[in-house]
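Reader: I have a model open and some questions about it. Can we go through a few spots together?
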Amino acid sequence: MRDVTLVQIFDHPITQKYVKRSGMAHAIACAYHAFKLSKQYGVNPDLAAKAALLHDIGHYTWYRNGKWDYSLYKENDIHAIKGAERAHKLLIRLGEHPKAAKEIALAVLLHTDSYLPQGELHLKPLQKVVHLADEADEEPSGGHHYRKIDDQKARSSLAMLDELINEYLNKEDLKELNSSS
Ligand SMILES: [Fe+2]
Ligand SMILES: [Fe+2]
């Protein structure tokens, strides 16, 4: 059983404010990619889809003289750090299990290494899935952040993804039941 659905996350005002800022269409596309990749990597699709939906929730806008300043952004961006905290708070408020909320927050924190000092990061499979899902939907010059989707379509695609996740988890439960009997 899942404690929180993607539609519940979508409906929350915090998601509406901050995920829309960085692009709802990108977030939803990533959630679908994460769902597909989660099977390949053997990770929980519920956690992967939630982390992917929320991965850019920490974005701040970097404007100088009314124009987006990419160098200012590059230098000062901490959207993954901010996003991990914001996603965690939101999930706990919605009633997510603290263990799941922590896993999701960590995957948000590590979805990019652009803010980290040079070095090798060893990602866990869930973190890798969210990173790959983000990359799979990237467009040159950050175009993915500006793609639009209307609210109704966004909500119904997430409801559909909720169904796919439920179906998948139910099947896994059945498999487990059969193998233990
Ligand atoms: Fe990001
Ligand atoms: Fe992203």
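Predicted model: local features only at pLDDT ≥ 70, side-chain atom pairs only at ≥ 80, totals over all residues.

Reader: Where is threonine 5 placed?
Author: Threonine 5 sits in the segment before H1.

Reader: How far apart are threonine 5 and lysine 50, in sequence and in space?
Author: They are 45 residues apart in sequence. In space, the C-alpha to C-alpha distance is 8.5 Å.

Reader: New topic. Which residues of helix H2 are buried?
Author: In H2, residues 13–22, the buried ones are Thr15, Tyr18, Val19 and Ser22. They lie on the same side of H2, because they cover an arc of only 100° around the axis.

Reader: And on the other side of H2, what is exposed?
Author: Pro13 and Lys17 are exposed there.

Reader: What do the buried residues of H2 pack against?
Author: Four helices: H1 (6–11), H3 (24–41), H4 and H6 (79–94).

Reader: On to helix packing. How do the axes of H4 and H8 cross?
Author: The axes of H4 (residues 45–54) and H8 (residues 125–136) cross at roughly 45° and come within 9 Å.

Reader: Is the crossing of H4 and H8 right-handed or left-handed?
Author: H4 passes H8 in a right-handed crossing.

Reader: Which residues make the contact?
Author: From H4, Leu47, Ala48, Ala51 and Ala52. From H8, Leu126, Val129, Val130 and Ala133. By class, that contact has eight nonpolar residues, no polar and no charged.

Reader: What about H7 and H8, at what angle do they pack?
Author: H7 (residues 98–109) packs with H8 at about 50°, and their axes are 9 Å apart. So H7 is oblique to H8. H7 also passes H8 in a right-handed crossing.

Reader: Which residues make the contact of H7 and H8?
Author: H7 brings Glu103, Leu106 and Ala107, while H8 brings Leu126, Gln127 and Val130.

Reader: How do the residues of that contact divide?
Author: The contact of H7 with H8 has four nonpolar residues, one polar and one charged.

Terms used
Residues numbered from 1 in each chain as written. Chains lettered and ligands numbered in written order. Axes fitted to C-alpha atoms, helices over the stretch in contact; angles between N-to-C directions. Helix = DSSP H or I, 4+ residues; strand = E, 2+ residues; numbered from the N terminus. Left-handed = near helix turned anticlockwise from the far one by under 90°. Contact = placed C-beta atoms within 7 Å. Nonpolar A, V, L, I, M, F, W, Y, C, P; charged D, E, K, R; others polar. Buried ≥ 20, exposed ≤ 12 C-beta atoms within 10 Å, placed from the backbone. Arc of directions from axis to C-beta. Parallel < 35°, antiparallel > 145°, perpendicular 65-115°, else oblique.
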